[in-house]
Amino acid sequence: MSTRDKIVTAAVELFIKQGISKTTTKEIAASASVAEGSIYRYFPSKEQLAWQVFKEYHQYLATQLQLSVAKDNQLKDKIHSLVSCFLKLADDDWLMFSYYVTSQHTHMKNVSKGMLTPYQVIYQIIEEGIEEGEIKTTEKNIFTAMVMGAVHQIAINKIYLRISGDLYPQCELVSETIVNMTMIKGSDHE
């Protein structure tokens, strides 16, 4: 593991456990087994470290979500691919996914309009579904929030130990529920 990766992992673990504001660079360095000055070779401040890690993972998620739906034509399949992608990424790197979910309120204000985000990816899919008549509502933001909320709330409940084990095995249940909660043609709401 590179020095930067050690710092990031140690910082994320501490940020999740204690919060960003209560975590010191001294604690991060000790946990990463590096000199405190090493942190500043990669990040100008603890706050920049927290933001950079969030930003990189935020953009990574968005890219992975885009790739996951590239082969799908129908909205139901896209929803399934989105949910599957989210839950698989959560299982593959639970530490980073936990940090991403729990630190959004801190970092979303720093996301620039030009940055690719998971929300934008999902919103575009919803917009296409409405234009193609697959969704019988015009509430693009509500639908997008529902898709994101379903996945995020599952992760939050795992963080609070209300859900245990891998999340990916639940992708059928989650994606089917999202489809059924909406007015997608072909769902039980027709």
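Q: Angles under 35 degrees count as roughly parallel, over 145 as roughly antiparallel, 65 to 115 as roughly perpendicular and the rest as oblique; which of these terms describes α5 and α8?
A: This is a predicted model, in which local features need pLDDT of at least 70, side-chain atom pairs count only at pLDDT 80 or more, and totals for chains, interfaces and linings use all residues. Residues are numbered from 1 along each chain as its sequence is written, and side-chain values use heavy atoms, with hydrogens and water left out. The axes of helix α5 (residues 75–92) and helix α8 (residues 140–159) come within 11 Å and cross at roughly 25°, where axes are lines fitted to C-alpha atoms, for helices over the stretch in contact, and angles run from 0 to 180 degrees between N-to-C directions. The two helices are therefore roughly parallel.

Q: Which residues of α8 meet those of α5?
A: The crossing of α5 and α8 is right-handed; a crossing is left-handed if the near helix is turned anticlockwise from the far one by less than a right angle, and right-handed if clockwise. Contact means heavy atoms within 4.5 Å. On the α5 side the residues are I79, V83, F86, L87 and D91, and they meet F143, V147, V151, H152 and K158.

Q: How many helices does the protein have?
A: Helices (H or I, at least four residues) and strands (E, at least two) are DSSP runs, numbered from the N terminus. The order of elements from the N terminus is α-α-α-α-α-α-α-α-α. There are zero strands, and the number of helices is nine.

Q: What is the orientation of α4 to α6?
A: The axes of α4 and α6 come within 10 Å and cross at roughly 115°. Residues A50, W51, V53, F54, Y57, H58 and L61 of α4 make the contact with M96, F97, Y99, Y100, S103, Q104 and H107 of α6. The crossing is left-handed. The angle makes the two helices roughly perpendicular.

Q: Why is the pair of F54 and Y100 called stacked?
A: Rings of Phe, Tyr and Trp (its six-membered ring) pair if their centres lie within 6.5 Å; planes under 30 degrees apart count as stacked, over 60 as edge-to-face and the rest as tilted. The whole structure holds nine aromatic pairs. For F54 and Y100, the ring centres are 5.3 Å apart, and the pair is stacked because the angle between the planes is 15°.

Q: How many residues apart in sequence are the parts that F54 and Y100 tie together?
A: Both residues are buried, that is, under 20% relative accessible area, with exposed meaning over 50% and partly exposed in between (1.4 Å probe, protein chains only). F54 belongs to helix α4 (residues 46–69) and Y100 to helix α6 (residues 94–107), so the separation in sequence is 46 residues.

Q: What is the angle between the planes of F97 and Y100?
A: F97 and Y100 lie three residues apart in helix α6, about one turn of the helix. Their aromatic pair is tilted, with 6.2 Å from centre to centre and an angle of 50°.

Q: Over the ring of which residue does the charged end of K158 sit?
A: A charge sits over a ring if NZ of Lys or CZ of Arg is within 6 Å of the ring centre and within 35 degrees of the ring normal. Ring pairs link a cluster of W51, F54, Y57, Y60, F86, W94, F97 and Y100. The charged end of K158 is 4.4 Å from the ring centre of W94.
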